[in-house]
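Subject: Handover of a protein model with a zinc site

Dear colleague,

Please find below the structure that I am handing over to you.

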Amino acid sequence: MISDSQHFEISKQKDYLYVIKENISLVHPVYTNDPLNMYLLLGSHTALLLDTGCGLFPIKPIVDELIGERELLVFNTHYHWDHPLGNVEFGEIYIHENEVDKVSKPYDVSFFKDSPNEIVKIYAEQDFLIPPAKTIKALKDGDTFDLGEIQVEIIHCPGHSPGSICLLTSRGELFTSDVAYYGDQFLPVKKKFFEVLKTLSKLIDICEKQKIVELYPSHRRYPCDISLLTDLYKGIENIENLWDTKKVFEFFDAWEIEDPSGKFRYFISR
Ligand SMILES: [Zn+2]
């Protein structure tokens, strides 16, 4: 039986793939990308957990129950607050080398001090400083891991953040992290869009060459197909044409632009 958790929703996608969902809007209503999807891959001897979530309630007991006797690897897709705050529960985690520093010290979530949501009390009890994992290991582009009958490869995907990674499996899944999903997109300053587009075209190439049909984003709906990547690529390219429609968005110090397709809303760093 799967651990009883009021907070996380757990679903079995495949024999070897579970999805653990957490609603991040519980922390602050400004975050609308519900749910956050954490993925648990089960190889024959090793399991891999992709992200540890918001750190509000224990996630490790759920993971332990699902993995049985397997060894466990824990990866962060990137350092943004909704992905690594459960790290402290695990002795050792991996993140791209560009973001090792970001998750090696207590994570400051004091930007949630004024959240209207009661749940932030859990952060307040820790003085809005969430402790890190004990050991942080670095990932590099091209690193591979054997889980037993499933191999995974790290793809460095800078743009959304400097150390964002995607994960490609030997079974034909691509985990796209926050690099691509349908919903609110958090983008760097406009002059860095070239980097976001370069990453997306790299992923499109991989999908076409390897005939990848299943994309698993870290937010909202899954699985998606390659049109997620092409839709987002076209959308970001088109932002220039929508520039006059931008609004000021205070919470992230960003410009907000609505995509006319309704598939995306962009928050562009100012
Ligand atoms: Zn996220």
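A residue is called buried if its relative accessible area is under 20%, exposed if the value is over 50%, and partly exposed in between, with a 1.4 Å probe and protein chains only. The model is predicted, so that local features need pLDDT of at least 70 and side-chain atom pairs count only at pLDDT 80 or more, while totals for chains, interfaces and linings use all residues. Residues are numbered from 1 along each chain as its sequence is written, and side-chain values use heavy atoms, with hydrogens and water left out.

The zinc site

Which residues of the protein hold the donors of the zinc ion? They are Asp82 (OD), His83 (NE2), Asp178 (OD) and His219 (NE2), at 2.1 to 2.3 Å from the ion. Donors here are N, O and S atoms within 2.8 Å of the metal (3.2 Å for Na, K and Ca); water is not among the atoms, so sites may look incomplete. Along the sequence, the spacing of the donor residues reads D-H-x94-D-x40-H. Distant parts of the chain are linked by the pair Asp82 and His219, which are 137 residues apart. Asp82 lies in the loop between strand S5 (71-75) and strand S6 (92-96), and His219 in the loop between strand S15 (214-217) and helix H4 (227-237). Helices (H or I, at least four residues) and strands (E, at least two) are DSSP runs, numbered from the N terminus.

Asp82 counts as buried because its relative accessibility is 5%. His219 is also buried, since its value is 1%.

The angles among the four donor atoms run from 86 to 168°, and the site is irregular. Four donors count as tetrahedral if all angles lie between 85 and 135 degrees; four count as square planar and six as octahedral if opposite donors are over 155 degrees apart and all others between 65 and 115; anything else is irregular.

The chain as a whole

The protein chain has five helices and 18 strands. Of its 270 residues, 54% are buried. Its C-alpha atoms fill a box of roughly 55 × 50 × 30 Å along the principal axes. The radius of gyration is 18 Å, which agrees with the value near 18 Å for a compact globule of 270 residues. This radius is taken over C-alpha atoms, and the globule rule is 2.2 Å times the number of residues to the power 0.38.

The largest pocket

Rolling a probe the size of a water molecule over the atoms shows where empty space is left. On a 1 Å grid over the protein atoms alone, a pocket is an open set of points with protein on both sides within 12 Å along at least five of seven lines, where a 1.4 Å probe fits; lining residues have an atom within 4 Å of a point. The largest pocket has a volume of about 700 Å³, the volume being the space filled by probe spheres set on the points.

The lining of the largest pocket has 30 residues, and Tyr79, His80, His160, Phe186 and Ser269 lie nearest the centre. Two or more lining residues come from each of strand S7 (107-108), strand S14 (183-187) and strand S18 (264-269). S18 gives the most, with three residues. By type, the lining has 18 nonpolar, seven polar and five charged residues. Ala, Val, Leu, Ile, Met, Phe, Trp, Tyr, Cys and Pro count as nonpolar, Asp, Glu, Lys and Arg as charged, and the others, Gly among them, as polar.

Details of the backbone

A cis peptide bond joins Asp34 to Pro35, with omega about -15°. Pro35 is in the loop between strand S2 (17-22) and strand S3 (36-42). The bond from Tyr222 to Pro223 is cis, with omega near -15°, and Pro223 belongs to the loop between S15 and H4.

Glu149 is a residue other than glycine with a positive phi, near 65°. The loop between strand S10 (144-146) and S11 holds Glu149. Is Glu149 buried or exposed? Glu149 is exposed, because its relative accessible area is 59%. Ser177, in strand S13 (residues 173-177), has a positive phi near 50°. Ser177 is buried, with a relative accessible area of 1%.

With kind regards
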